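Subject: Structure handover

Hello,

Here is the structure I said I would pass on. Please open it first and then read the notes below it.

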Amino acid sequence: MTRPLLEAIEVSKSYSRGNHVLARFNETVKAVDQVSFTIQEGESLGLVGESGCGKSTLGRCLTRLHAVTAGQILFDGVDLAPLSLRALRPYRPHIQMVFQDPYASLNPRRRIGDLLAEPLRVHHRGSKAEIAERVGDLLDRVGLLPDHVHRFPHEFSGGQRQRIGIARALALNPRLVIADEPVSALDVSVQAQIVNLLLDLREQLGLTYVFIAHDLSVVRQVTERVAVMYLGRIVEMGRTDTVFRAPAHPYTKALISAVPRPDPTGASRAQRIILHGDVPSPSNPPSGCHFHPRCPVAQDRCRHDAPTLRPVGPGRQAACHFAA
Amino acid sequence: MPPDVSMATVPPLLEVTDLRVAFHTERGILQAVDGVSFRVEAEEIVGVVGESGSGKSVCLMAVLGLISGPYTHIEGSVRLMGRELVGLPNRELRKIRGRDMAVIFQDPMTAMTPVYTVGQQIVEQIRVHQPLSRKAAKARAIDLLDAVGIGAPAKAADRYPHELSGGMRQRAMIAMALSCNPRLLLADEPTTALDVTVQAQILDLILRLRSEFKSAVILITHDMGVIAEAADQVMVMYAGRVVERGSKNQLFANPLHPYTWGLLASIPPLDGERVHRLPSIGGLPPSLLDLPAGCAFSPRCRDVSARCQGERPVLDRHGDHARACFLPLESVAAQRRAGLAASLQPAEAFSE
């Protein structure tokens, strides 16, 4: 097997909450708790889960926008986790990020041409004329017009701004694009346009995606493999088709069954598993398996014995004592 | 019995006729709701779908009488149980709001005041409309919290909104809305801010309340999945107008407006075969300050004709299914079949 493009080995990220001078008086939130996975070049991995599950924190750790607390992030064999910001610089162009909120992620005082040229200038990619040409290419790639370079972000709609965000992420020809909820702020009809654009770009440029989203149907559309997270841990991982067709972990089952289907017969409703309660706070997660207080099949063992991610089929893993 | 009584038909619970809401802005008159008519029968759940700017929320605020001010202009009629609400003084409206109709907003955190406990807020709501003692109102508040599925309701009543989770807050807000047994509940994206597993709980609750509290519900959402689960009747709005209206089954099985069809088609399926490309609606929703002439959807419509660009289609009925479109009915079905095959529209450049 070829070397994976990205390999995360037991990555953890914790925050301390509170402002006591002595660290032991502050509570620690384990946002990401010993997460491991690999992504091959050209593959798309989905990270799904509800709010507070750590999917966005994990995404930001992979780009090293956050420092990790423990673990390794191997990008093409090089561990990025311990590198200083200066040592990271040569790797930055290869890993780029698309953010959720296209209104907040673009500087309102700068023109589009400027926003797209900045990464090229910072990384010394060509002369002024070459950069201008590249900016034109980028706009064209994401379905915008050449004369948009002179406009400001507020002159664009949400969908168009997300196109600009994508163009900026692509400016330096990255190998890995981490997209954090790239379509969730958009209207339904525009969502489909952006999803299609991401699929096209991947095909044309051979990109690798980490696609973070809470919308399961979008993740199914975009990714080949998916990792389901719950309170900082991966509870199930496998091929997207298989996981959606036959989820192994009880949380995945409930999550997939909970999505309202556009099917007026109500057939999907009949099979719904309705979980009780809310997602617990990550600052004080339940003992043992984090999911046990809401789990319909929990046993005594789950209360104190945390299950590890183990193989449950070809290319498939689940962290449940009872997953077949 | 005098004939006029026996012959009189019972008025629908809510009847909205030709509602128009305009805002006067610096950049001109913004017609947010443009001639919307619909009715809600008792215990019925009417779903309203549309994207941002479609006028769905403004429509709901106008029904509640919450839109006022020097720069707004409201026309048309809103009748609740036969009584006209448009033009009613605020003093009268306040008696009706909360008692006969109540609202559930998208974000319970901003809809509740942070400085009173959940219990105090429900008690206040009850005592405004009903002559109950503080103690009796508190007991009723706890009953309500229990009815919406909050465990340990007495404890929850003494909590402040920020101490509850998102799902619990939304339940508390529903309890508050139900406190006077309103005949009509208006819910504006009640599940959008919630996680999927909690959304399923709240939808389930809304359906249960209909049978237990006998309330009719107007359910505003952008999610066709939520509509399919909960609504009986559906209205699809676009740029301030209703473009299609019908029963849920009609709308999903046989959408008559190209916009409805596009919305349904652009949802990635969660079950069955994965499609290679999503059929998407090209272009963007129009700005309400700069609406295209003719049909507002015409610049994005694949079946646009010269007539669509010059003339505005009105809602015409086909049985109890209505749509505002010039496209002949026969070609709607053909278009949908063709649309599925040709869902490979490239991402287009925007000329805007």
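How many residues of chain B are in contact with chain A, and how many of chain A with chain B? The answer is 43 residues of chain B and 40 residues of chain A, where two residues are in contact if their C-beta atoms, placed from the backbone, lie within 7 Å. On the chain B side, H8, H9, H10 (224–230), H11 (248–253) and H12 (258–265) each supply at least two residues. The largest share, eight residues, comes from H9(B). By class, the chain B side has 22 nonpolar, 12 polar and nine charged residues. Here Ala, Val, Leu, Ile, Met, Phe, Trp, Tyr, Cys and Pro count as nonpolar, Asp, Glu, Lys and Arg as charged, and the others, Gly among them, as polar.

This is a predicted model, in which local features need pLDDT of at least 70 and side-chain atom pairs count only at pLDDT 80 or more, while totals for chains, interfaces and linings use all residues. Residues are numbered from 1 along each chain as its sequence is written, and chains are lettered from A and ligands numbered from 1 in the order in which they are written.

Chain A has 11 helices and 12 strands; helices (H or I, at least four residues) and strands (E, at least two) are DSSP runs, numbered from the N terminus. The radius of gyration of chain A is 21 Å, close to the 20 Å that the globule rule gives for 324 residues, so chain A is as compact as a globular protein of that length. That radius is taken over C-alpha atoms, and the rule is 2.2 Å times the number of residues to the power 0.38.

Chain B has 14 helices and 12 strands. Buried residues make up 44% of chain B.

Two helix pairs

In chain B, H8 (residues 166–178) and H9 (residues 196–213) pack at an angle of about 15°, with their axes 10 Å apart. Axes are lines fitted to C-alpha atoms, for helices over the stretch in contact, and angles run from 0 to 180 degrees between N-to-C directions. H8(B) and H9(B) are therefore roughly parallel; angles under 35 degrees count as roughly parallel, over 145 as roughly antiparallel, 65 to 115 as roughly perpendicular and the rest as oblique. Among the residues that meet are Ile174(B) and Leu178(B) in H8(B), and Leu205(B) and Phe213(B) in H9(B). This contact has seven nonpolar, four polar and one charged residue.

In chain A, the axes of H3 (residues 112–122) and H4 (residues 128–141) come within 9 Å and cross at roughly 120°. That makes H3(A) oblique to H4(A). Their contact has six nonpolar, one polar and two charged residues.

One loop residue

Pro293(A) lies in the loop between H10 (267–270) and H11 (300–304) of chain A. With 17 C-beta neighbours inside 10 Å, Pro293(A) counts as partly exposed. Leaving aside neighbours within four places in sequence, Pro293(A) is in contact with Gly277(A), Pro280(A) and Pro286(A).

Regards

Technical notes:
A residue is buried if 20 or more other C-beta atoms lie within 10 Å of its own, exposed if 12 or fewer, and partly exposed in between; C-beta atoms are placed from the backbone.
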